[in-house]
Amino acid sequence: MTVVIGFEGSANKIGIGIIRDGEVLSNPRRTYITPPGQGFMPSDTARHHRAVVLTVLKEALEEAGLKPADVDCVAYTKGPGMGAPLVTVALVARTVAQLWGKPLLGVNHCIGHIEMGRLITQANNPTVLYVSGGNTQVIAYSERRYRIFGETIDIAVGNCLDRFARVIKISNDPSPGYNIEQMAKKGSQFVELPYTVKGMDVSFSGILSYIEEASHKMLSSGQCAAEDLCFSLQETVFAMLVEITERAMAHCGSGEVLIVGGVGCNLRLQEMMGVMCKERRAKLFATDERFCIDNGAMIAQAGWEMFRSGQVTELEDSWITQRYRTDEVEVTWRD
């Protein structure tokens with residue numbers, strides 16, 4: 001039985017998870033939360049990760065009931081992500097691998113999400129919608145690569161939601177996107193916003209600029225409530241994502257959709273995608289916040305797949321890559 005420990009810290013969450021042949025043995029994490037109206041800076045986030053990483057590592061081992069000798073491989077997030085947090089966690093993973101005398105594996109963060117989603121949902125060969133704070137991509141597997149069929153041409157959908165949350169001073173605890181989702185449930189008035197789909201790609205910077213400017217005027221004049229703006233923003237950006245996902249499904253002849261990434265927890269996005277899938281007689285797969293939000297187990301699972309197919313990362317090659325595209329990785333573990 002192969003046991004892999006995974007270190008994830010590409011953004012404001014640090015997680016360490018342990019996988020044994022498809023079984024999640026432990027998956028603790030910590031989130032760096034800033035005051036309402038503020039984002040998280042790379043240096044402050046890295047400082048947070050340094051302060052808690054050894055505690056989280058101890059938790060992961062204790063929860064799994066394992067000792068370092070039981071671990072076969074150490075996996076870490078190579079990228080994409082924020083430089084300082086990535087370096088912090090990579091250094092810890094490299095040190096642990098050397099102290100324990102274990103092979104090391106650098107994992108693509110996006111592929112970690114996909115492989116975790118495939119493991120938890122048992123989706124066979126889905127069209128993947130990957131939506132998070134830093135990434136928005138529609139992906140399908142073909143000939144040993146995860147091919148990107150469409151993506152954002154500017155900011156990610158999660159970043160769009162997070163930045164709007166700062167504008168109207170929504171709390172970042174547990175996350176701005178979650179709090180927007182709860183407020184949107186109380187919204188009833190739809191405010192028309194820019195809808196920008198360009199072929200298979202989407203753009204969120206225009207809608208963000210528009211709603212940032214319009215929100216001050218509309219809220220101060222009483223034209224609508226903050227809940228209405230949250231509702232309208234969600235409906236518009238999610239409709240854009242459903243459109244490009246359906247187009248990718250049609251191109252690939254796919255009968256499955258898998259939503260991964262932090263924004264994938266959003267129940268309204270799952271509901272809208274579910275309607276589209278029902279109309280196409282397709283199946284929708286999604287996970288809850290334990291596995292769709294950045295976590296260590298997803299890095300461990302992708303590492304498990306890579307390690308079992310014969311991949312390892314030499315120490316001198318164990319750097320981080322802030323811009324590390326999903327389609328750069330050769331998928332050696334799938335037919």
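Where is the place of R144? R144 sits in the loop between β8 and β9. The model is predicted.

- E143 is not a glycine, yet its phi is positive, about 50°.
- R144 is likewise a residue other than glycine with a positive phi, near 65°.
- E143 counts as exposed because its relative accessibility is 66%, and the cut-off for exposed is over 50%.
- R144 has 38% relative accessibility, so it counts as partly exposed.
- The hairpin of β8 and β9 has two residues between the strands, and E143 takes its positive phi within this hairpin.

**β8 and its partner strands**

- Six of the seven residues of β8 are buried, so the strand is largely enclosed by the rest of the structure.
- On one side of the pairing, β8 and β9 run antiparallel and are joined by six bridges.
- Y141 stands opposite Y146 of β9.
- β8 also pairs with β7 in the antiparallel sense, over four bridges.
- V128 has I139 of β8 as its bridge partner.
- A hairpin of four residues links β7 to β8.
- In a regular strand, side chains alternate between the two faces of the sheet.

**Nonpolar cores**

- The largest nonpolar core has 46 residues.
- The residues with the most contacts inside this core are V131, F164, F204, C230, L233 and M273.
- At least two residues of this core come from each of β7, α4, α5, α6, α7, β12 (256-260) and α8 (267-279).
- α7 gives the most to this core, with twelve residues.
- A second, separate core has 33 residues, among them A123, Y130, Y146 and A300.

**Helix α4 and F164**

- The buried residues of α4 are V157, G158, N159, C160, L161, F164 and A165.
- The cover over these buried residues includes β7 (127-131), β8, α5, α6 (205-221) and α7 (226-252).
- F164 is among the residues with the most contacts inside the largest core.
- Beyond its neighbours within four places in sequence, F164 is in contact with I180, L208, I211, S215, L229, C230 and L233.
- Two of these contacts, C230 and L233, are also listed with F164 for the most contacts inside the largest core.
- K169 follows α4 and has a positive phi, near 60°.

**Annotated binding-site positions**

- Which residues does the UniProt annotation "binding site" cover? The unreviewed entry lists Y130, V131, S132, G133, G134, D162, G177, E181 and N266.
- V131 belongs to strand β7.
- V131 counts as buried because its relative accessibility is 0%, where buried means under 20%.
- Leaving out neighbours within four places in sequence, V131 is in contact with T136, V157, L241, I259, V260, G261, G262, V263, G264 and L269.
- One of these contacts, V157, is a buried residue of α4.
- V131 carries the binding-site annotation in the record and is one of the residues with the most contacts inside the largest core.
- Y130, also in the annotation, is included in the second core.
- E181 is part of helix α5.
- Is E181 buried or exposed? At 7% relative accessibility, E181 counts as buried.
- Not counting residues up to four places away in sequence, E181 touches Q234, N266, L267 and R268.

- The peptide bond from G79 to P80 is cis, with omega near -5°.
- P80 is in the loop between β5 (73-79) and α2 (83-100).
- The peptide bond from D173 to P174 is also cis, with omega near 0°.
- P174 is in the loop between α4 (157-167) and α5 (176-184).

How values were computed
Residues numbered from 1 in each chain as written. Predicted model: local features only at pLDDT ≥ 70, side-chain atom pairs only at ≥ 80, totals over all residues. Heavy atoms only, no water. Buried < 20%, exposed > 50% of the residue type's maximum accessible area, 1.4 Å probe, protein only. Contact = heavy atoms within 4.5 Å. Core = buried A, V, L, I, M, F, W, Y, C linked by side-chain atoms within 4.5 Å. Pairing = 2+ DSSP bridges. UniProt positions renumbered as here; feature names shortened; annotations may be inferred.
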